[in-house]
Amino acid sequence: MSYALKGLKVLDFSTLLPGPFATLYLADLGAEVVHIESPTRPDLVRLMPPFAHGQATTHSYLNRNKHSVALDLKNPEHLEQIRMRIADYDIVVEQFRPGVMQRLGLDYPSLSALNPRLIYCSITGYGQTGSYKNRAGHDINYLALSGIAGHSGRIESGPPAMGIQIADVAGGSMHALVAILAAVIERQSSGQGQYIDISMTDCAATLNNMAASASLAANQHQQAESGYLNGGTLYDYYQTQDGRYLSIGSLEPQFMQGLAQLLELPIILEKGTSFAPEDHAQVKQAIQDKIRSQPLAHWQMLFAQADVCVEPVLKLEEALHSELAQQRGWVVQVPLKMNDSEQSQAQLACPIKFSRSAMRYDFIGQALGEKQNW
């Protein structure tokens with residue numbers, strides 16, 4: 001098997017979601033990832049229900065393909081063990097508050113003195129500088145401060161509580177991956193590693209892209225239910241007769257025309273492209289009345305062969321077992337242990353598809369301290 005990142009070695013000190021999700025991708029792509037964990041204060045994802053095969057399902061997924069080494073970072077001998085081995089590693093990922101790794105003597109200046117080629121990535125809520133750097137935070141706080149929550153949701157009900165961690169993953173994990181791999185490429189010419197400061201709030205702010213461009217360059221500030229994509233146009237969710245929802249994204253003229261014909265609503269073409277708020281409200285009400293007249297199954301059949309950007313809102317369990325999921329391989333069976341073909345666990349696959357390189361699914365997240373001889 002050819003793995004895209006085979007040969008890279010990663011030392012992962014992170015916990016919870018942002019860092020571990022980033023290193024999960026590195027591991028799936030072929031990197032060797034060693035997860036350093038405290039023997040007395042386990043990663044909280046190990047304790048989060050539900051459990052399957054004796055382990056938390058989130059832990060089993062996020063720590064796939066990674067080896068667990070239990071080290072007490074308050075123990076000088078264990079710290080020295082890390083320093084002695086750091087020359088063997090390409091990448092360090094950590095997620096402590098600013099200053100913690102410095103107090104332990106495991107910060108970038110200390111470790112890069114032992115390994116100048118080391119790429120060291122710190123993921124925090126607010127970055128390594130500024131007045132917010134030591135503040136505690138969660139995904140909901142980062143979305144609030146980045147401006148995303150301020151123009152999302154409904155005028156009457158306010159910002160939505162999301163079902164996923166947008167700032168943690170799209171902000172922290174994915175930006176960390178981009179930065180780490182860019183540093184790996186740069187190191188090929190310079191021969192030197194470097195330090196990476198990833199703020200989940202900084203990175204979440206860039207997810208505003210279109211709205212921020214309008215605000216900064218044209219002084220047009222997007223409010224809730226005022227833009228193309230946040231409920232200000234017919235682009236929205238509509239409830240069906242049986243309490244389910246359809247997503248309608250028919251913004252372009254050809255899609256709008258198809259939608260108008262299928263729903264038998266000429267008002268979509270008459271006023272669908274108008275920017276007058278009252279016209280949008282009238283169009284959306286007409287669509288909602290029509291969609292509410294039939295159950296979801298009726299609309300699924302009607303729109304199944306129509307190329308107009310209309311799809312059902314699926315429950316997660318429906319999505320994971322859908323025709324699309326099966327065709328695109330969203331789910332894989334991962335062995336509980338390396339080289340164990342007898343027992344496996346269903347998990348989300350790595351969604352990246354290469355023409356030559358393979359993904360690695362060696363084993364699910366392992367028991368604390370599973371790797372004894374490190």
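**Close-up views of the predicted model**

**View 1. The second largest pocket.** The second largest pocket holds about 1,000 Å³ of space. Closest to its centre, among the 30 residues lining the second largest pocket, are Phe-21, Tyr-61, Leu-316, Leu-320 and Leu-348. Two or more lining residues come from each of α1, α2 (57-62), α7 (166-190), α14 (316-320) and β13 (344-348). The lining comprises 21 nonpolar, 7 polar and 2 charged residues. A pocket is an open set of points on a 1 Å grid over the protein atoms alone, where a 1.4 Å probe fits, with protein on both sides within 12 Å along at least five of seven lines; lining residues have an atom within 4 Å of a point. The volume is the space filled by probe spheres set on the points, which are joined across faces, edges and corners. Ala, Val, Leu, Ile, Met, Phe, Trp, Tyr, Cys and Pro count as nonpolar, Asp, Glu, Lys and Arg as charged, and the others, Gly among them, as polar.

This is a predicted model, in which local features need pLDDT of at least 70 and side-chain atom pairs count only at pLDDT 80 or more, while totals for chains, interfaces and linings use all residues. Residues are numbered from 1 along each chain as its sequence is written, and side-chain values use heavy atoms, with hydrogens and water left out.

**View 2. Asp-28 in helix α1.** Asp-28 lies in helix α1 (residues 18-28); helices (H or I, at least four residues) and strands (E, at least two) are DSSP runs numbered from the N terminus. Asp-28 counts as buried because its relative accessibility is 0%, buried being under 20% relative accessible area (1.4 Å probe, protein chains only). Beyond its neighbours within four places in sequence, Asp-28 has contacts (heavy atoms within 4.5 Å) that include Arg-64, Cys-350 and Tyr-361.

**View 3. Strand β6 and its partners.** Strand β6 (residues 91-94) directs Ile-91 and Val-93 one way and Val-92 and Glu-94 the other, and all are buried. In a regular strand, side chains alternate between the two faces of the sheet. Strand β1 (residues 9-12) runs parallel to β6 and is joined to it by 3 bridges, with Asp-12 partnering Val-93. Strand β7 (residues 119-124) is also parallel to β6, through 4 bridges, and its Cys-121 stands opposite Val-93.

**View 4. His-67 in strand β5.** His-67 is found in strand β5 (residues 66-70). His-67 counts as buried because its relative accessibility is 17%.

Key: Buried < 20%, exposed > 50% of the residue type's maximum accessible area, 1.4 Å probe, protein only. Pairing = 2+ DSSP bridges.
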